[in-house]
Amino acid sequence: MAVWKQKNKWRAEVYVEGRRIATRGGFDRKKDAQNWHDEITVQYRVDPTKFDKQKDPKAFEDLLEMFKKLHLPTVRPLTQQRYLIDIEQRIAPFFAHMKLGKISTPLIESFKVELMGELKPKSVNNCLFTLKLMLNKAVEWRLIKESSYLIKALKLDHSKRLEWWDDKDHIRRFLEEAKRRSRYYPAFLLALDTGMRLGEIVGLSKKDIDFDRGRIHVWRQWSDKLQKYGPPKHGIDRWIDINPQGHLAAELKAAVKKSSHSEALFLTRTGQRGSKKDLTH
C-alpha cells in the first residue's frame, strides 16, 4: 500500500502488478488516505476496465515524468538540480494531484502567493519560470492543445545600489585587510582583477595558468553541491590576460607553490579544496 505524508497532507497511490491505476492527495488524515486506497482496490477487482477508461494521460504527474525523462537530460547538471529543487519541493506538492486541463491563471496566482510566503522575489520568479517551461512542454508534447493560463512574474527592484566594490578606497582597504588576515587573498585579488565567477575561481587548476604568456584558461567551473567540474556559464570557455610581471601573477605563483593539492590553488587549513562558502565567509 502506498500511503505517505506530503507536507501537512496525506497522499495515496494504488498499484496493480506494478502499474499505478489511481492516485489522490490532500487527505487530512492517514486513515482517510488508507480508506480511499482500500476502496479503489476493491473497485478495481470488481471492474478493472472501469479504470482503463478513466485513466487520464493528461494528469500533471504524467507531465512530471515526461519532463524528467525527456527535458532534464538536455540541460546542464546545475540547471537540472535547480529545476528538480523547484519541482520536488514546490511544484509537485501543489500540482501533482491535478489534471493539466484544470490548471488556470487563478490557480497559478494562488501558487505564486504561497511561494511569496517562503521565498525571495527572484526565487519566486525562478520557480514560476520552471512551471511555465513545463506547461509549454505539455503543449509541445501534445498533452494539452494550448496554454490557457497566464503566468506573471514579480517585478524586481533593479535600481542600482552602491556596493563596497564600487568605491576604490573600499577595495584598497579590503585587499589590505585580506592580505593580512586571509589565506584567500590571491582569490579575492583574482576576482577583482579579472571578474572571474566564484565557481571558476574555486575550480581553477594550476595547469590553467600560463605564466609565460600571461593568461588564464577558463573552461570549467567547480560545483560545491555536485563535487565535480561542470562547463562555464553558457558553455563557452575563454582566455583572460594578466600581466606576467604584475602583482596578481606573483600572488598566483606563490599560491601554486604553496598548494599541496594536485590541482586546486585555494585550500582550507586542512588542505582541502576551498569552497564558495569558504571564500564568502
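Gly195 sits in the loop between helices H8 and H9. This is a predicted model, so take what follows as a tour of that prediction. Coming just after H8, Gly195 has a positive phi of about 75°. Its relative accessible area is 51%, and since exposed means over 50%, Gly195 counts as exposed. Look across from there and you'll find Ile240: 45 residues away in sequence, but 9.5 Å away in space, C-alpha to C-alpha.

Now step back into H8 itself, which covers residues 185–194. Seven of its ten residues are buried, so the helix is largely enclosed by the rest of the structure. The buried ones are Tyr185, Pro186, Ala187, Phe188, Leu189, Leu190 and Thr194. And what does the covering of these buried residues include? Among the helices there are H7 (168–181), H9 (198–202), H10 (247–258) and H11 (276–280), and strands E5 (215–218) and E8 (238–241) take part too.

Helix H9 turns up again at our next stop, the largest pocket, where H9 gives two or more residues to the lining. That pocket holds about 810 Å³ of space. Its lining is made of 22 residues, and Leu78, Gln81, Arg82, Lys225 and Lys276 are the ones nearest its centre. Besides H9, the elements that give two or more residues are helix H4 (77–95), helix H6 (121–140) and strand E6 (221–223). Which element gives the largest share of the lining? That would be H4, with seven residues. Sort the lining by class and you get ten charged, seven polar and five nonpolar residues.

Definitions and conventions. Residues are numbered from 1 along each chain as its sequence is written. This is a predicted model: local features need pLDDT of at least 70, side-chain atom pairs count only at pLDDT 80 or more; totals for chains, interfaces and linings use all residues. Side-chain values use heavy atoms; hydrogens and water are left out. Buried means under 20% relative accessible area, exposed over 50%, partly exposed in between (1.4 Å probe, protein chains only). Helices (H or I, at least four residues) and strands (E, at least two) are DSSP runs, numbered from the N terminus. Contact means heavy atoms within 4.5 Å. On a 1 Å grid over the protein atoms alone, a cavity is a set of points where a 1.4 Å probe fits but cannot get out, and a pocket is an open set with protein on both sides within 12 Å along at least five of seven lines; lining residues have an atom within 4 Å of a point. Grid points are joined across faces, edges and corners, and a volume is the space filled by probe spheres set on the points. Ala, Val, Leu, Ile, Met, Phe, Trp, Tyr, Cys and Pro count as nonpolar, Asp, Glu, Lys and Arg as charged, and the others, Gly among them, as polar.
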